[in-house]
Amino acid sequence: MLKTVQALDYPVKTLAVSPDGKTLAAAGVLGTRDEERVKNVADKLATTLWDLEGNPMGRFSSHSTASLRFTPDGTHLVSGGQHDNRVNVYTRAGQLVDTITVGSTWQRSPQRIALSPDGQSIVTADDDLEPPGLTIWNRAGGLERSLERFSGNLTNVAMAPDGTMFVTLAADRRVRIWSLAGRLLRSVSGHTDYPSALAYAPNGNYFASGGAEVIIWSRDGRSLATLNGFGNGANVLTFSSDSRFLFCGDGSGTVHVFDLKDRQARRIKAHDGRVEAIALHPSGRWFATGAAREHVRLWTIDGTLVAERKFPDKIVTPVGSAFALAFSGDGQHLVVGTSNRTETIQILDLNARLVASIKTSHSVVNAGSVLISPSGRWLVATVNNQIGIWDWSTRKLVRVLRGHSGRVEGLAFTPDERHLVSASHDSTARVWKVETGDSMALLSRGADWIMFTPDGYFDASHYGGELVAMVRGLEAFSVDQFATRLNRPDLVLRRLGVGSDEFIEHLELQHRKRLQRAGLRDDPAASEIEAPEVRLTSARREGKHALLEAEVQARAPLQSYQIYVNGVPTFPGSGKPLHGTAARVSERIELGQGLNTVEITAFDVRGVEAFRARWSSTYAGEGKGDLYFIGFGVARYQNPALNLQFADKDALDLANVMQRYQPHFRKVVVRTYVNEAVTVENIVKAKEVLRDARVDDTVVVFVSGHGAYDLSREATYYYATHNVDVKDLAGTAASFERIESLLRDIGPRRKLLLVDTCESGEIDDASRAEIEARRHAMGLDGRTSAALQSDRASRPRRVFLYDRDRYIYNDLTRRTGALVFSAAHAGELSFESPKIQNGVFTWEIVDALVSGKADVNRDGTITLDELQAYVSRNVAVKTGGLQRPTMDRDNIHQRFGFPVLR
C-alpha cells in the first residue's frame, strides 16, 4: 500500500481515473434514498479530486453518485445518480453543464454509466426489467436507443398437433408462437408472474399456459379465457385426449380438473406439497402426479388413489422431486424424471413399482423433461444442458444432443418424429433433426427473431441481425458485413429438412441474387479463408472533410475497398479496385452535418470482407441543405380494370407538403409524375433531378399505386406503371430495385423511400373474402385488382410471399443507404378511403408532418422514428389492423427528420 486518503465523510461508491492517469475522482452514497431525503443532506454530497500522490485537487457539490466517469478528453466528469433518475455532467471545476433525465421516476436511477470512445454517447443501466434499463443517450440528453433484453430463460415448449408450429414460454412472461421453420409468428403477453406450465390441446384449436393463472389461447395467440384459484401458481398442465378437460397441478398440491365445455371445475388433493408433474394415461382412465422426494401417485380419472411410490421418509439425504412424467405408448409403463444420480430415469409399472432405471449425470436440479415419442420408438430426456435419446424397446442410448449452454426445461416431438424442439435457460429454443442431430437455435427480442446453426449460418427477421454480432477479442462487428455468406436460410432449412422445396429454392435464389448484386462469386471455400485486415493508420478532420489513410492485407488477392459514412457507401458499386495482397489507401471524404460514423472495408477476389475499421467525427458547420422530392402516383391505368381513386392525388398532396418546407432548406426541388407520365423511361430519367444534389441534402422518393410479384422463381416485386401489362411485369413495370436505384450513387446521405403499395402476395379466396367484408364495413378500398390475380388462378399459392419480412431480403451491400418506409407488412393490402381522398398511409404521413402531432418530445423536429411510430399506429387503428406500415430496412447509422410545419 502506498497511501490512504480520506476522500469523503461517507462510503465511497465509485472511483474514476482521468485519461492522462494523473487525477483520481471519488464519489459515493450517504444512505438510502429515504434517509438522504429525510436528513436533507444534499449539501454534504460531493465529488472529490486527488492527484495520485494523495494531494487534494478539488471538491465540488454533486449528487448521490453510483457511477463516475471522465470524458475521453479529461475535461469533464459524468456522474450517474444513485437516488435520482439523472446523469449530471460537470466540468473538472465542478460546474454543472448538462443533466440527462433517465426515465420518469427515481427507480430508473442510472446505477452504471459508460461513455463511448468519442465521448458523444452515454450508456446508462439500471436494475429495472420492465422496460429494460439499458439506454444510449447523446451528450445533449437526446435518447438515441433503448436496448431491449432477450426473452430470458425459456421455461417450456409445446408442439401443435399438426407439427407446423410450436409455442414457448419465457421468464419475460411472454408466450411466443413459432413456425417449425424457425420464424417467430407472434409474441403475446398476459401472465402476471413467472409462467412455467404449457400444454397444447390434441384437437389443435387452442393451448394453455400456466403461471399465477392459466390462460387459454387460440391457435393464433388470442386470449380465450383466464382460469384462477391456484395455490402458489399453476405449475403443470395437460389436456385430455378429447381436448375437453384440462388438468392443472398447483403449488399447494392440488390438481384442478377444468371442464372447458361446461365451465366446471373439480379439485383433487394430490400431495402435501407442490405438484411437479402430471401425465395422463393413453386410455384416459388414469393419471399420474409427481412431487417432492420422488413421490409418484397414480389416480383414477375421478380422483381415487390406486398406487404410489415414495422415497423412504427415514432417509434424510437430500432427495429431489419427480419433476417429469410420461406414460409409454402402450400404457404399460410410467417414466419418471428425477435428479437421483443412481436412478435418474425411473421406469414404473402401473402399480408404481420400479421395473428398470437409467443412470445419467443429472445434477441436483429439480427441473427438466422426459418424453416418449408418438410411435413409442424413442425415449427422450433432458440431462442438465444436454438431451439424451434412447431406444425405448432396448433402453439403449442412441444419441446425445449437445448445443444448449443452459439447462433444458422442455421437449416436444413433431408428429412424424423427424424433429424435436427443446427450450432452455440459455434463452433459446432449438429445433433438432432427430436422425442426424443437426440443430438450429432460435432467439427473440420483441418482435425480432433469429435462428442459427452451430457453424454460424442463420436466418432472421428484417432486424434480426441486430440480435447478434461477430466478435474478435473485445471488438464487436455488425453481422451485416458477414451475412452475404452466412445468411443462408435455404441451407439451414434444407439441412434440417424443414420447408417446401419451392420455398427453399426461392430462398437460395435470393442468396444468389444478393451475391450478384455485390459482385461476388458463390465460392464455398471463401468462408475458410482468413478475412482481409484493414488497419486505419491515420484519420483526422480537416474542415468539412475526413483525411483517411489505411493499410490493407489479405491472404487471397484483393478485389476492392469501400468507405461508408453513416451506413451510406461513398463509392459506386463494390467500391474502388485493389490489386495484390497488400495495399495502402488514402482518401479525402466529405463529412455531413452532425455525427459521421466512418467505416472502411475491403474485399478479396472470393468475396470475403474484412472486419471494418471505424472512426467517428462530428462536423458542426453552419449551412442549410436542399430538399429533393420525386413523387410517382398512378390512379388511372391504360388497363381500366386496374384503376384506383387517389394514388395520383397522394403524390401531388405530399409534393405540396414538401413545397412548404422552403423556409427550412436552402431550396426545395419537387418533381411529380402522375398517371400517363409514370413510365419506366420516366422513372429512369427522374434521377437527373438529383444530379447536383450534395452530401447535406435530403432526398425523398415516393411511389403510390399497384404493386405485384411476378411469377418467376425469384418472385420479383414490381411497381405498376401506367402502361403495365400484368402478364409481362418484367417488360412493362418498374422493379422495386429500379425504384431504389434512384437513390444509389448520389451525393446525399439522408435518403427516404416511401412506398404506398400493397405487399399482399397471393391471398387465398377465404382470406380475401374476410378482408373484403371488413374493409367494406370500414369504408375502405383496397389497392388491388382482380386483373392482377387473373394469370395466377391456375398456379398454387406461393405462401412464402407472406414471409417477406425476412433478413434475406435486406440489401446488404447498402448500395443506397436509404431508409424504406412501406405502407404494409407482407401479406397485407394498402387501403385508400373516399372519406379522406387519399391512401391511408399517405394521409397519415401528411398529417404527421403538417399537424406536428408526431413530434413527441416537442423539439420542433419529427424524426424518422417518430414518423414511423405515429404513422404505423394510426394506420393500424384506421384500418382495424388490416394494414400495418413497416420500415423495411433501417440504416441504424442514419438519423434525420423534418421540421414541424406551422
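## Basis and overall make-up

Helices (H or I, at least four residues) and strands (E, at least two) are DSSP runs, numbered from the N terminus. The model is predicted: local features need pLDDT of at least 70, side-chain atom pairs count only at pLDDT 80 or more, and totals for chains, interfaces and linings use all residues. Residues are numbered from 1 along each chain as its sequence is written, and side-chain values use heavy atoms, with hydrogens and water left out.

The protein contains 11 helices and 66 strands. Of its 902 residues, 57% count as buried; buried means under 20% relative accessible area, exposed over 50%, and partly exposed in between (1.4 Å probe, protein chains only). The accessible surface comes to about 37900 Å², and 49% of that belongs to carbon and sulfur atoms. Such areas come from the Shrake-Rupley method with a 1.4 Å probe, and for residues only the protein chains shown count as cover. Contact means heavy atoms within 4.5 Å. Among contacts between residues at least 6 apart in sequence, 56% join residues at least 24 apart.

## S321 and R293

S321 is found in the loop between β28 (305-309) and β29 (324-327). Because its relative accessible area is 2%, S321 is buried. Leaving out residues up to four places away in sequence, S321 touches E276, A291, A292, R293, E294, G337, T338, S339 and N366.

R293, one of the residues that S321 touches, lies in the loop between β26 (286-291) and β27 (295-300). With a relative accessible area of 22%, R293 is partly exposed. Most residues other than glycine have a negative phi. R293 has a positive phi of about 55° although it is not a glycine.

The place of R858 is in the loop between α10 (840-851) and β64 (861-863), and its relative accessible area of 61% makes R858 exposed.

L350 is in the loop between β31 (345-348) and β32 (354-358) and is partly exposed, at 27% relative accessible area. Apart from neighbours within four places in sequence, L350 is in contact with H281, W286, L298, A307, F327, G331 and Q332. The C-alpha atoms of L350 and E308 are separated by 9.3 Å, and these residues are 42 apart along the chain.

## The second largest cavity

A cavity is a set of points, on a 1 Å grid over the protein atoms alone, where a 1.4 Å probe fits but cannot get out; lining residues have an atom within 4 Å of a point. Grid points are joined across faces, edges and corners, and a volume is the space filled by probe spheres set on the points. By this rule there are four cavities of 30 Å³ or more.

The second largest cavity holds about 40 Å³ of space. Its lining consists of V703, H706, G707, Y717, Y718, Y719, F736, I739, V755 and T757. The elements giving two or more residues to this lining are β57 (717-719) and α8 (736-740), and β57 gives the most, with three residues.

## Aromatic rings

Rings of Phe, Tyr and Trp (its six-membered ring) pair if their centres lie within 6.5 Å; planes under 30 degrees apart count as stacked, over 60 as edge-to-face and the rest as tilted. The structure holds 16 aromatic pairs. The rings of Y200 and F207 have centres 5.3 Å apart and planes at 40°, so this pair is tilted. Both Y200 and F207 are buried. Elsewhere, ring pairs link Y661, F665, F896 and F898 into a cluster.

Terms used:
On a 1 Å grid over the protein atoms alone, a cavity is a set of points where a 1.4 Å probe fits but cannot get out, and a pocket is an open set with protein on both sides within 12 Å along at least five of seven lines; lining residues have an atom within 4 Å of a point.
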